[in-house]
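Please look through the model with me before we discuss it. My notes follow as numbered points.

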Amino acid sequence: MSESAPSAPTRRAVLDLLKRNGPQTVAQLGAALRLSGAGIRRHLEVLEQVGLVQQTSRSQGRGRPAYVYALTEMGHDLFPRNYHQLVAQLLEAAVTELGPAAVERLFDHRQQELAELYTGRTHGRALPELARALAAIQDENGYMADCRQTGEDRWLVSEHNCAIARVAGTWPTACNHELALFRQLAGPEVAVDRVAHIQSGDPVCAYVLRAANGTEAGAPHAGAFDQAGPGEPAGHA
């Protein structure tokens, strides 16, 4: 195998070894991949720079500790995790054991927990800062969110990824509580309307934020969502 430059397939092989075997030394990785120590270090440097791998030390008893490399949390996230399957099974069990209302109570509880967690970042914010804060919160949570101004005192928060897509596909109440959370964080002076919805076939989920004394709630401005694809936005709940 050529060692002229770090290659993506070899870096993936390094990540796979760290996932399967736990922290490894340069020598261990080199032996497994038939690369020199210098070659392995070049790959590890790239992986460290992007935050997938970190160097640590491991005691060897007497003498100097061995330096080993391990996956970071971001590195672990590259590998499949069936959280959605576990969540779906737990929600089904809640319905079976406690009835349908139990699921609503669980999502209500989650909404309140999130509201308490994030209210310090949104309470009392002017509309532009509020929109940016909501977009930042959702982006941190994996929704690939951003925001932009679409008119005077009118902002659009867009989510380009649904971080809970498989759960939301089975339990629409998850989406209802997301909208309710946005409205709770925005406060009574800001109206929040969903104008695009991934679960309804749109390419994004999008929310218009505007002063509450403006257009009647539920009737977003016709130009609020002007990206190609979603069609007429006002019909989404």
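1. First, the terms. Helices (H or I, at least four residues) and strands (E, at least two) are DSSP runs, numbered from the N terminus. This is a predicted model: local features need pLDDT of at least 70, side-chain atom pairs count only at pLDDT 80 or more, and totals for chains, interfaces and linings use all residues. Residues are numbered from 1 along each chain as its sequence is written, and side-chain values use heavy atoms, with hydrogens and water left out.

2. The overall picture. The protein has nine helices and six strands. Of its 237 residues, 38% count as buried. Buried means under 20% relative accessible area, exposed over 50%, and partly exposed in between (1.4 Å probe, protein chains only). Take contacts between residues at least 6 apart in sequence: 51% of them join residues at least 24 apart. Contact here means heavy atoms within 4.5 Å.

3. Arg34. This residue sits in the loop between helix H2 (26-33) and helix H3 (37-49). Most residues other than glycine have a negative phi. Arg34 is exposed, at 77% relative accessible area.

4. Asp153. Here too phi is positive, near 55°, and the residue is not glycine. Asp153 lies in the loop between strand E3 (145-151) and strand E4 (154-159). With a relative accessible area of 45%, Asp153 is partly exposed.

5. Helix H5. Does its length agree with expectation, or disagree? The expected span is 1.5 Å times one less than the number of residues. For the 16 residues of H5 (residues 83-98) that gives 22 Å, and the end C-alpha atoms are 22 Å apart, so the two agree. Gly99 follows H5, with a positive phi near 95°.

6. Helices H7 and H9. H7 (residues 127-140) and H9 (residues 173-186) pack at an angle of about 140°, with axes 11 Å apart. Axes are lines fitted to C-alpha atoms, for helices over the stretch in contact, and angles run from 0 to 180 degrees between N-to-C directions. The pair is therefore oblique; under 35 degrees counts as roughly parallel, over 145 as roughly antiparallel, 65 to 115 as roughly perpendicular, and the rest as oblique.

7. What makes the contact between them? H7 supplies Leu130, Leu134 and Gln138, while H9 supplies Glu178, Phe182, Leu185 and Ala186. By class, that is five nonpolar, one polar and one charged residues. Ala, Val, Leu, Ile, Met, Phe, Trp, Tyr, Cys and Pro count as nonpolar, Asp, Glu, Lys and Arg as charged, and the others, Gly among them, as polar.
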